[in-house]
Amino acid sequence: MVIHMEKVVIVGIVFAIIAVGWILGTGQWAYGNVVGPLVNYSKLPKVEVTYVSAIPTANGTALRLNLTDVDGPDAYPASVTMVEIVNSTWHVFLNSSQLANYTVTVYQSPWNENKGDAVNWYSGFEIPLGSQGQFVLNLPFKLSPGVYELILYTPAVKPVEVSFTSS
C-alpha cells in the first residue's frame, strides 16, 4: 500500500511539473511574461492600409482607402482621427470632421458581419478589429499627377505611412 501511494504522488508531481512548464512556456512564447518585457498585442490598435488610389473627378479627387485593424482591443474600434497628404510641392491635413464630410461611401468586407467600418465627425474613420473596409472620399481639391505620401494618425500609436500615385 505504501509503494502504491508513492507512485501516485510521483505521477502527480511529474504531471504538475509538466503542467506548470506548459503554462509558463506558452505564456513566454505568446506574451514574453516569464523572461523579458510583457507584450500585450491587444492594448494598442494597428491600422494597415491595404490599397490606395486617387482618381481625378470633375470637382476634385476621388480617394479610395482600404483600411484594416490587425491588432488591438476588440471592445472598441481603432480610429484614424487625421490624414495627411503630402508630396514635394503640396501638403494638406484632413481632420476627423473633414474626413466625415468628404466620405461618400464605406464599403464593407463580407466577413465584417455585425461590426462594420464607419466614419463620424469625432473619431474620423472607425475600424473594428479584424474588419476591412473601403472608404471612398470625394476631396474638394484636385491632386496633380505624381507620387504622394499618405499618413494616417491614430491616437497613441505611430502614424501609418504609405505612398500612392495620383493619375
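Of the protein's 167 residues, 35% count as buried. The model is predicted. It holds two helices and eleven strands.

**The whole chain**

- Start at the N terminus and read along: the elements run α-β-β-β-β-β-α-β-β-β-β-β-β.
- The radius of gyration of the protein is 24 Å, whereas a compact globule of 167 residues would have one near 15 Å.
- Along its principal axes, the C-alpha trace spans about 90 × 35 × 25 Å.
- The protein exposes about 10,200 Å². Carbon and sulfur atoms supply 64% of that area.
- Consider the contacts between residues at least 6 apart in sequence: 59% of them join residues at least 24 apart.

**A sheet of three strands**

- Which strands make up the open sheet, and in what order? The order is β3-β8-β7, and the pairing is antiparallel.
- The edge strands are β3 (78-80) and β7 (118-120), and each of them pairs on one side only.
- On average, neighbouring strands of this sheet are turned by 30 degrees against each other, with direction ignored.
- Strand β8 covers residues 124-127, and three bridges join β8 to β7. These two strands run antiparallel.
- Ala 118 stands opposite Glu 126 in β8.
- β7 and β8 form a hairpin, with three residues between them.
- β8 also pairs with β3, in the antiparallel sense and over three bridges. Here Val 80 stands opposite Phe 125 in β8.
- In a regular strand, side chains alternate between the two faces of the sheet.

**Aromatic rings**

- How many aromatic pairs does a search of the whole structure find? It finds four.
- A pair of rings is described by two values: the distance of the centres and the angle of the planes.
- One of the pairs joins Phe 125 and Phe 135. The centres are 4.4 Å apart, and the planes stand at 40 degrees, so the pair counts as tilted rather than stacked, which would need planes under 30 degrees apart.
- Phe 125 lies in strand β8 and Phe 135 in strand β9, so this pair ties together parts that are ten residues apart in sequence.
- Are Phe 125 and Phe 135 buried or exposed? Both are buried.
- Tyr 148 and Phe 164 form a stacked pair, with 5.6 Å centre to centre and 20 degrees between the planes.
- Tyr 148 lies in strand β10 and Phe 164 in strand β11 (residues 160-166), so the pair ties together parts that are 16 residues apart in sequence.
- Why does Tyr 148 count as buried? Its relative accessibility is 1%, and buried means under 20%.
- Phe 164 counts as buried too, because its relative accessibility is 4%.
- Ring pairs also build a cluster: they link Trp 90, Phe 141, Tyr 148 and Phe 164.

**Pro 140, a loop residue**

- Where does Pro 140 lie? It sits in the loop between β9 (132-139) and β10 (146-153).
- Pro 140 counts as partly exposed because its relative accessibility is 48%. Partly exposed covers the range between under 20% (buried) and over 50% (exposed).
- Which residues does Pro 140 touch, leaving out those up to four places away in sequence? They are Asn 59, Gly 60 and Tyr 102.
- Pro 140 and Glu 161 are 21 residues apart in sequence. In space they are 22 Å apart, C-alpha to C-alpha.

**Ala 156, a loop residue**

- Ala 156 lies in the loop between β10 and β11.
- Its relative accessibility is 70%, so Ala 156 counts as exposed.
- What is the phi of Ala 156? It is near 75 degrees, a positive value in a residue other than glycine.
- Most residues other than glycine have a negative phi.

Conventions:
Residues are numbered from 1 along each chain as its sequence is written. This is a predicted model: local features need pLDDT of at least 70, side-chain atom pairs count only at pLDDT 80 or more; totals for chains, interfaces and linings use all residues. Side-chain values use heavy atoms; hydrogens and water are left out. Helices (H or I, at least four residues) and strands (E, at least two) are DSSP runs, numbered from the N terminus. Buried means under 20% relative accessible area, exposed over 50%, partly exposed in between (1.4 Å probe, protein chains only). Contact means heavy atoms within 4.5 Å. Two strands pair if DSSP finds at least two bridges between them. Axes are lines fitted to C-alpha atoms, for helices over the stretch in contact, and angles run from 0 to 180 degrees between N-to-C directions. Rings of Phe, Tyr and Trp (its six-membered ring) pair if their centres lie within 6.5 Å; planes under 30 degrees apart count as stacked, over 60 as edge-to-face and the rest as tilted. The radius of gyration is taken over C-alpha atoms; the globule rule is 2.2 Å times the number of residues to the power 0.38. Accessible areas come from the Shrake-Rupley method with a 1.4 Å probe; for residues, only the protein chains shown count as cover.
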